[in-house]
Amino acid sequence: MEPLTSHTGTVLPLRRSDVDTDQIIPSEYCRRLSKTGYQDGLFARWREQPDFVFNDPARAASTVLVAGANFGTGSSREHAVWALRDWGVAAVIAPSFGDIFRRNALKNGLLAAQLPDEDVAQLMARAEQDASYEITVDLAGCVVRWPGGSCPFEIDGRARRLLLEGLDDIAVTLERQDDIVAYEQGRPAWLPAFAPTGGVN
Amino acid sequence: MTTPRTTPRTLVEKIWDGHRVGAATDGPDLLYIDLHLVHEATSAQAFDGLRLAGRPVRRPDLTLAVEDHNVPTDSLVITDPISVEQVTTVRRNCAEHGIELFRHGDGRQGIVHVVGPELGAVQPGMTVVCGDSHTSTHGAFGALAFGIGTSDVEHVLATQTLALQRPRTMAVEFTGVPAPGVTAKDLMLALTAHIGANGAHGHVLEYRGEAVRGLSMEGRMTMCNLSIEAGARAGLIAPDDTTTAYLADRPRRPTGEAWQRALAHWETLHTDPGAVFDHTVTIDVADLTPMVTWGTNPGQAVPLGESVPDPEAYPDPAERAAARRALDYMGLAPGTPMRDIGIDTVFLGSCTNGRVEDLRAAAQVLRGRKVSPDVRMLVVPGSMQVREQAEQEGLHEVFLAAGAEWRFSGCSMCLGMNSDRLPGRERCASTSNRNYEGRQGRTARTHLVSPAVAASTAVAGRLAAPSDLDRG
Ligand code: SF4
């Protein structure tokens, strides 16, 4: 992945809490075998309503989603992150996130920043008034900045380093191959294992 | 100061410490994964990633795959082209990497969270992951089990590990004894209504107390399954005699000498007296009655005997807005008694309530009764083995005689990825786990219920408990 240090963009304010991954992308759009091409499924049902924020022509180029609490709750489908990314969303700001969604987001370079309720409410209100209102999510400094204000956010140190340096997650883990082998040698023999079905067809 | 060795630890901490690869650092721990369950709907991109990087699957022998999310349940032949593509892909990937796969039509096929336990492949103290959020189900065995996304599926395939922050812990104490007819489903809907759909955010829950000890393994699986609906990362229950009795005749259990060694280890798997949880929630279950959801997240639940709440009564503006939107979607007016809500479809199945005990509870209600002519009822066993067991007990005859459909196994109407979807604004009483907007069909409306309430509802044509049927 390309190194990622910071993102600045205008805002898609989504004044809803508990936005679940079935809303972000309904299951019938999750049946592709690729990691791309999910933008059509993004909020597919809500986009049927003309006044839904993702239909606002003034926000067609907006890249920072600001949402209510518990954003991305629900299923583990990474398609939710792929759909947001394919639409062009680069960062999501909310008072809290579904755990699996947040982890999936960071794995794909979608910045998910958790801010206090009051800050999110303020950003939401201002962005609703002004489609040109810009927010910066600064990964290097772990801070979200807006005109006249800022707030730090927390992020898993490993995820941050992977994104800042553009590293391959699996390659970094495999640097600890020796530790993994040593662990495996100490595992109890009774733990279940499956007969490999074998063979390349 | 006490040394780490003598510090009392929670069950989660014991499992965590026992699976940490290498020395502890200030960053996340690298956690070894004992069992990786795979299904067709979230794995294709992970296998593609391995192929692109030229990486092998590190431990195919610790990986087990099933076909469940997309498969039809009305036929053993897959005709939908996208489903065919999905299963063809998982078959090719499993063959290429030497991973055992239970295909659609195989007698061992079923929903991934039903199949793993019934094989005995999930045992106390293990770490279990799967690209599905309801992996928390396996916590019923005293395993640390949680759902992961596709990037993490690829990471586990390649390394058999995950880099994770140690989670916070929450004790959920269910005190008292539930009344007859009050199930694990009702306990969990009550918990979720109490703490909210995100109330356990970032925590692993340990369920404790008399009401938990009294549950069968099936009930414990229902309980742990629904942990994610309270926002938790996972939920688990310390193993006891119920756990070992369940495992004792399963095909993948340890045998002979190894069984004895395993038993000795399992006895250490409990929270030590004096161990500290980050949070504790206590729910007295003695006064609980069957629960049902009225809204569009599992926290929006009330006892069946109550009415649809009034959004204006919520002090919190976000909750008020969410309740208004939910009622609008659900087509319900505040103050409507839950028992007056008419139902079009009843879905009995899913990894939450698709086990044989669940089918028995529903069949007990349906025996000698008929599904209302206005209602369509689908019975979808959680696995082909559940189906076989149910047929041995004659449960299928009860369902068929009542006018319900008797299906093959799969996720089916839980998520509507196959053709089992609700048309229009149909209203469904469902034993599954999510009442989200559009989950069971574009504009469909879902009420989450226990199996006994589902069966009673099918007979009454409106939300009902077994006791309502006797009143005639
Ligand atoms: S039954 Fe539903 S919740 Fe369970 S694995 Fe299938 S889709 Fe997921």
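Two strands count as paired if DSSP finds at least two bridges between them, and strands (E, at least two residues) and helices (H or I, at least four) are DSSP runs numbered from the N terminus. This is a predicted model, where local features need pLDDT of at least 70, side-chain atom pairs count only at pLDDT 80 or more, and totals for chains, interfaces and linings use all residues. Residues are numbered from 1 along each chain as its sequence is written, chains are lettered from A in the order in which they are written, and side-chain values use heavy atoms, leaving out hydrogens and water.

**View 1. An open, parallel sheet in chain B.** Its five strands run in the order 4-3-2-5-6. Strand 4 (100-102) and strand 6 (144-147) sit at the edges, each pairing on one side only.

**View 2. Strands 2 and 3 of chain B, side by side.** Strand 2 (residues 35-39) pairs with strand 3 (residues 63-66) in the parallel sense, over four bridges. His39(B) has Val66(B) in strand 3 as its bridge partner.

**View 3. The largest nonpolar core.** Such a core is a set of buried Ala, Val, Leu, Ile, Met, Phe, Trp, Tyr and Cys residues joined through side-chain atoms within 4.5 Å. Of its 89 residues, Phe174(B), Tyr207(B) and Met223(B) touch the most other members. Helix 6 (residues 184-195) of chain B gives the most to this core, with six residues.

Methods:
Buried < 20%, exposed > 50% of the residue type's maximum accessible area, 1.4 Å probe, protein only.
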